[in-house]
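Here are a few exercises to work through with the model open. Try each task before you read its solution.

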Amino acid sequence: MNKYDVVALGELLIDFTCVSQDENGYPTVAAHPGGAPANFLAAVNNFGGKTAMIGKVGEDTFGHLLISTLEQSGIDATGIVLSKDVFTTLAFVTLDDHGDREFAFSRKPGADTQLKVGEIKFDLIDAAKAFHFGTLSLTHEPAKTATYNAVEYAKKAGKLITFDPNLRMPLWDTADAAKSQALWGLNAADIIKISNDEVHFLFALDPEQGAQYILQNFGVKLVFVTCGENGCFFANTRTCGHVPGIKGLKVIDTCGAGDIFGGSAVWKVLESGKEPDSLGFEELRSIVSFACATASLSTERNGGISSIPKPEEIEHYLLYS
């Protein structure tokens, strides 16, 4: 019997989001808990799943706040290491008039990049149904080697592997390095959540073509290609399709929306009790509709973890929209 539905490894950080600017252009910012794997897990927990996170923060005010946020969200934080040597990673987020974001990182180094193999609690992975990761833990050592080890351990243990490239180009030395690590992740995973921009960057294909290319060229069982306001393409070896985006939203902040989609979709796959490549068209359409609604409604609020709508809100929306 597995104790956890999903265990994730990766960055846990603070997002400082610009809320206003003075006459000289200096921002007033609001701090929110962030990090793609944390947002992903919080979505799983939101619907009744059990999760745990592996990562590293600084032994500072923000590090302790982040651990407290995980615990308040129901995420097991015993896999989070506190470091006296480095500060908790910070991300500074600017939003345009449509709520779309750009990132600048304080990470030279940030605590999340300093996770070592010997600090990983492999017993958490043993107790999970699924293991989730992204590419931010692959940008620098020692976290890169730690991630490789954790993914390989999870695969050997027969865990379902889920992956979101979540490419943040300013964090990479070169575009080739980013592409190489994203492709490594695709080769390792069973379920992929990837954006249309990432598909174009990696393969110069449109979302529908990209989903099929990933299925045909990697050992992937199920692909979700998210397209922002234009919804999501989905594909496995049995079927494929598209769920349109939700119109008429008052979008103020898209931070974490992709992670929330991923966590919601993976939760529904796990809840089905079926293998990802055995799901049929109607099952996948229902899963994607649910995940699209959850992610879309989150954009009407600030932050990542703090923006996840309650199950009853999503149920009401799907019922009456």
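This is a predicted model, where local features need pLDDT of at least 70, side-chain atom pairs count only at pLDDT 80 or more, and totals for chains, interfaces and linings use all residues. Residues are numbered from 1 along each chain as its sequence is written, and side-chain values use heavy atoms, with hydrogens and water left out.

**Exercise 1.** Find Pro37: is it buried or exposed?

*Solution.* Start with helix H1, residues 36-46, which holds Pro37 (helices are DSSP runs of H or I, at least four residues; strands are runs of E, at least two; both are numbered from the N terminus). Next, check accessibility: Pro37 has 3%, so it counts as buried (under 20% relative accessible area; exposed is over 50%, partly exposed in between, with a 1.4 Å probe and protein chains only). Then look across the chain: Gly10 is 27 residues away in sequence, with 6.0 Å between the C-alpha atoms.

**Exercise 2.** Which side chain makes a polar contact with that of Gln181?

*Solution.* Go to helix H5, residues 175-188, where Gln181 sits. Gln181 is buried, at 8% relative accessible area. Its side chain meets that of Tyr148 in a polar contact of 2.7 Å (a pair of N or O atoms within 3.5 Å; within protein, one must be able to donate a hydrogen and the other to accept it, and residues adjacent in sequence count only if both atoms are side-chain atoms).

**Exercise 3.** What is the strand order of the open nine-stranded sheet?

*Solution.* Trace S5-S4-S1-S8-S9-S10-S11-S12-S13, with mixed pairing (two strands pair if DSSP finds at least two bridges between them). The edges are S5 (75-83) and S13 (240-243), each pairing on one side only.
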